[in-house]
Amino acid sequence: MSDHVYKKLELVGSSTVSSDDAARNAIAQAQATIRNMDWFEVVDTRGHIVDGKVAHWQVTVKIGFRLES
């Protein structure tokens with residue numbers, strides 16, 4: 001296995017569907033401009049309540065990507 005150096009990028013994704021969908025939205029958006037993404041970690045989950053129901057999810061993710069040599 002080769003040695004790699006990674007950088008972490010912190011993003012907040014949102015969704016009206018689920019927390020998983022919010023994380024996927026953040027990763028999908030990052031994919032448009034960031035190369036070599038290898039892993040992610042969820043560091044925070046929160047939501048918005050309307051009329052006693054979950055109306056919106058927000059998930060903070062840290063995405064690790066390899067720096068190019």
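Asp-38 is partly exposed, with 38% relative accessible area, where partly exposed lies between buried, under 20%, and exposed, over 50% (1.4 Å probe, protein chains only).

Good morning, colleagues. The structure before you is a predicted model, in which local features need pLDDT of at least 70 and side-chain atom pairs count only at pLDDT 80 or more, while totals for chains, interfaces and linings use all residues. Residues are numbered from 1 along each chain as its sequence is written, and side-chain values use heavy atoms, leaving out hydrogens and water.

Let me begin with the overall plan. The C-alpha trace spans about 50 × 20 × 15 Å along its principal axes. The radius of gyration of the protein chain is 14 Å, whereas a compact globule of 69 residues would have one near 11 Å. That quantity is taken over C-alpha atoms, and the globule rule is 2.2 Å times the number of residues to the power 0.38. Of the 69 residues, 19% are buried.

I turn now to the sheet. In what order do the three strands stand in the open sheet? The order is β1-β3-β2, with antiparallel pairing. Because β1 (6–15) and β2 (37–50) are at the edges with a single partner strand each, one side of each has no neighbour in the sheet. From one strand to the next, the twist averages 15°. Two strands are said to pair if DSSP finds at least two bridges between them. Between β1 and β3 there are ten bridges, and between β2 and β3 there are twelve. As individual examples, Lys-8 has Gly-64 in β3 as its bridge partner, Gly-47 is placed opposite Trp-57 in β3, and Ile-49 faces Val-54 in the same way, as its opposite residue in β3. The hairpin of β2 and β3 has two residues between the strands, and in this hairpin Asp-51 adopts a positive phi near 55°.

The helix comes next. Helix α1 lies across β1, β2 and β3, and runs at about 130° to β1. Axes here are lines fitted to C-alpha atoms, for helices over the stretch in contact, and angles run from 0 to 180 degrees between N-to-C directions. Arg-24 and Gly-13 are eleven residues apart in sequence, and their C-alpha atoms are 7.6 Å apart in space.

Which residues make up the largest nonpolar core? This core has nine residues: Ala-22, Ala-23, Ala-26, Ala-30, Ile-34, Val-59, Val-61, Ile-63 and Phe-65. Both α1 (19–31) and β3 (53–66) supply at least two residues of this core. A nonpolar core is a set of buried Ala, Val, Leu, Ile, Met, Phe, Trp, Tyr and Cys residues joined through side-chain atoms within 4.5 Å. In soluble globular proteins, nonpolar side chains tend to be buried together. Ala-22, leaving aside neighbours within four places in sequence, is in contact (heavy atoms within 4.5 Å) with Gly-13, Ser-14, Ser-15, Trp-57 and Val-59.

Finally, I come to the charged pairs. How many salt bridges does a search of the whole structure find? The search finds four, a salt bridge being a side-chain nitrogen of Lys or Arg within 4 Å of a carboxyl oxygen of Asp or Glu. I shall describe several of them.

Asp-38, with which I opened, forms a salt bridge with Arg-66, and their closest N and O atoms are 2.6 Å apart. This pair links distant parts of the chain, since Asp-38 is in strand β2 and Arg-66 in strand β3, 28 residues apart. Arg-66 is partly exposed at 26%.

Lys-8 forms a salt bridge with Glu-41, with 3.5 Å between the closest N and O atoms. Here strand β1 holds Lys-8 and strand β2 holds Glu-41, 33 residues apart. Lys-8 is partly exposed at 49%, and Glu-41 is partly exposed at 31%.

Glu-68 forms a salt bridge with Arg-35, the closest N and O atoms being 2.8 Å apart. Glu-68 is in the segment after β3, and Arg-35 is in the loop between α1 and β2. Glu-68 is exposed at 52%, and Arg-35 is exposed at 56%.

Thank you for your attention.

Definitions and conventions. Helices (H or I, at least four residues) and strands (E, at least two) are DSSP runs, numbered from the N terminus.
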